[in-house]
Amino acid sequence: MSDSAVTPPKWGSTEMLPLPGRFNSAVRALAAKRFAATGAAWKDVVFDRQFDLFSLADARAVEQEALDSGYRFDFSATVSLESEPDKYKRPDKAASGFADGAVTDGRRQVGVGDNVIRKTATVSGPVALISKVEQVMVLLADGVPAGTIAVIDDSGGTLTAPIIEGFAGVICLGGSVRSHLGILAREYDVPTLMNCKIDTLVDGDVVEIEVTAAPPAADAYETGDTGHARIWKIEG
């Protein structure tokens with residue numbers, strides 16, 4: 001795949017991250033080569049012979065070549081790291097950005113995020129770190145404790161969808177206000193912060209989330225104008 005990185009997409013923009021760019025360009029190059037060899041019209045290939053152009057075995061080979069060269073996928077859920085540790089790289093542990101902050105009015109800022117639904121008052125409650133199906137099954141059976149604020153990764157919108165309306169609030173460590181979880185939050189009217197950066201929290205920590213903040217503008221993720229809603233830990 002040494003020349004795959006120079007195979008641009010026919011439509012849209014080039015991938016910003018190196019691994020998706022490497023993988024996708026290899027797919028494009030192989031499919032184009034196979035199509036050219038058919039000598040057929042695209043309309044006669046695209047629906048009836050698409051697996052002649054690119055198959056599951058091809059996808060696995062491209063992925064394995066990338067992994068063998070030292071690349072690892074960015075994790076999208078803790079389950080990725082647990083189920084296939086040789087395929088995904090663990091997230092870098094950034095230095096705490098809030099731990100040394102002052103305690104004011106009995107609370108200390110521990111994070112920021114993007115508010116999905118603007119409310120008239122902040123929301124407080126104990127956090128529950130949820131990343132496994134087993135945790136969701138327990139909460140489905142026993143019910144979500146009143147006032148719980150869920151802390152989930154960027155795949156958690158799907159994971160927690162069956163119980164999302166039971167949360168008093170949600171802190172999501174990835175995504176955007178236009179992500180699947182943002183849509184669910186608006187549908188069920190659950191106060192939610194997306195794209196959060198937080199200091200370490202543990203189950204039972206009581207936090208307050210600033211859902212009174214304005215949601216990001218339409219171009220916020222292009223301009224970087226994000227992270228204006230604050231998260232505080234209640235101390236004492």
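This is a predicted model: local features need pLDDT of at least 70, side-chain atom pairs count only at pLDDT 80 or more; totals for chains, interfaces and linings use all residues.
A disulfide requires two cysteine sulfur atoms within 2.5 Å.

Cys196 likewise counts as buried, because its relative accessibility is 6%. Cys196 is in no disulfide, and its nearest cysteine sulfur is that of Cys172, 7.0 Å away. The structure as a whole holds zero disulfides.

## The chain as a whole

The protein chain contains nine helices and nine strands. Its C-alpha trace spans about 70 × 40 × 35 Å along the principal axes. Of the 236 residues in the protein chain, 36% are buried.

Contacts in the chain can also be described by separation in sequence. Among those between residues at least 6 apart in sequence, 56% join residues at least 24 apart.

Helix α1 covers residues 18-38, which makes 21 residues. From its first C-alpha to its last, α1 reaches 31 Å, close to the 30 Å expected at 1.5 Å a residue. The helix is followed by Gly39, whose phi is positive, near 65°.

Which residues of α1 are buried? They are Leu19, Gly21, Arg22, Ser25 and Ala26. These residues cover an arc of only 165° around the axis, and therefore they lie on the same side of α1. An α-helix has 3.6 residues a turn, so residues three or four places apart point the same way. The cover over the buried residues of α1 includes helix α4 (56-68) and strand β1 (73-74).

Asp58 is located in helix α4. With a relative accessibility of 13%, Asp58 counts as buried. When its neighbours within four places in sequence are left aside, Asp58 is in contact with Leu30, Arg34 and Leu53.

Gln135 belongs to helix α6, which comprises residues 133-142. Its relative accessibility is 27%, and Gln135 therefore counts as partly exposed. Leaving aside neighbours within four places in sequence, Gln135 is in contact with Leu129 and Ile130. Pro162 is 27 residues from Gln135 along the chain, and the C-alpha atoms of these two residues are separated by 12 Å.

## Aromatic rings

The structure holds two aromatic pairs. In one of them, the ring centres of Phe35 and Trp42 are 5.1 Å apart and the ring planes stand at 85°, so this pair is edge-to-face. Phe35 is partly exposed, with a relative accessible area of 23%. Trp42 is also partly exposed, and its relative accessible area is 48%.

Phe73 and Tyr88 form a tilted aromatic pair, with 5.8 Å from centre to centre and 45° between the planes. This pair links distant parts of the chain: Phe73 is in strand β1 and Tyr88 is in strand β2 (residues 88-89), 15 residues apart. Both Phe73 and Tyr88 are buried.

The charged end of Arg107 sits over the ring of Trp232, at 3.8 Å from the ring centre.

Most residues other than glycine have a negative phi. Asp105 is found in the loop between β2 and β3 (107-115). Its relative accessible area is 75%, so Asp105 is exposed.

Asp189 also has a positive phi, about 55°, although it is not a glycine. The place of Asp189 is in the loop between α8 (180-188) and β7 (192-198). Asp189 is partly exposed, because its relative accessible area is 44%.

Key
Residues are numbered from 1 along each chain as its sequence is written. Side-chain values use heavy atoms; hydrogens and water are left out. Helices (H or I, at least four residues) and strands (E, at least two) are DSSP runs, numbered from the N terminus. The expected span of a helix is 1.5 Å times one less than its number of residues. Buried means under 20% relative accessible area, exposed over 50%, partly exposed in between (1.4 Å probe, protein chains only). The arc is that of the directions from the helix axis to the C-beta atoms. Contact means heavy atoms within 4.5 Å. Rings of Phe, Tyr and Trp (its six-membered ring) pair if their centres lie within 6.5 Å; planes under 30 degrees apart count as stacked, over 60 as edge-to-face and the rest as tilted. A charge sits over a ring if NZ of Lys or CZ of Arg is within 6 Å of the ring centre and within 35 degrees of the ring normal.
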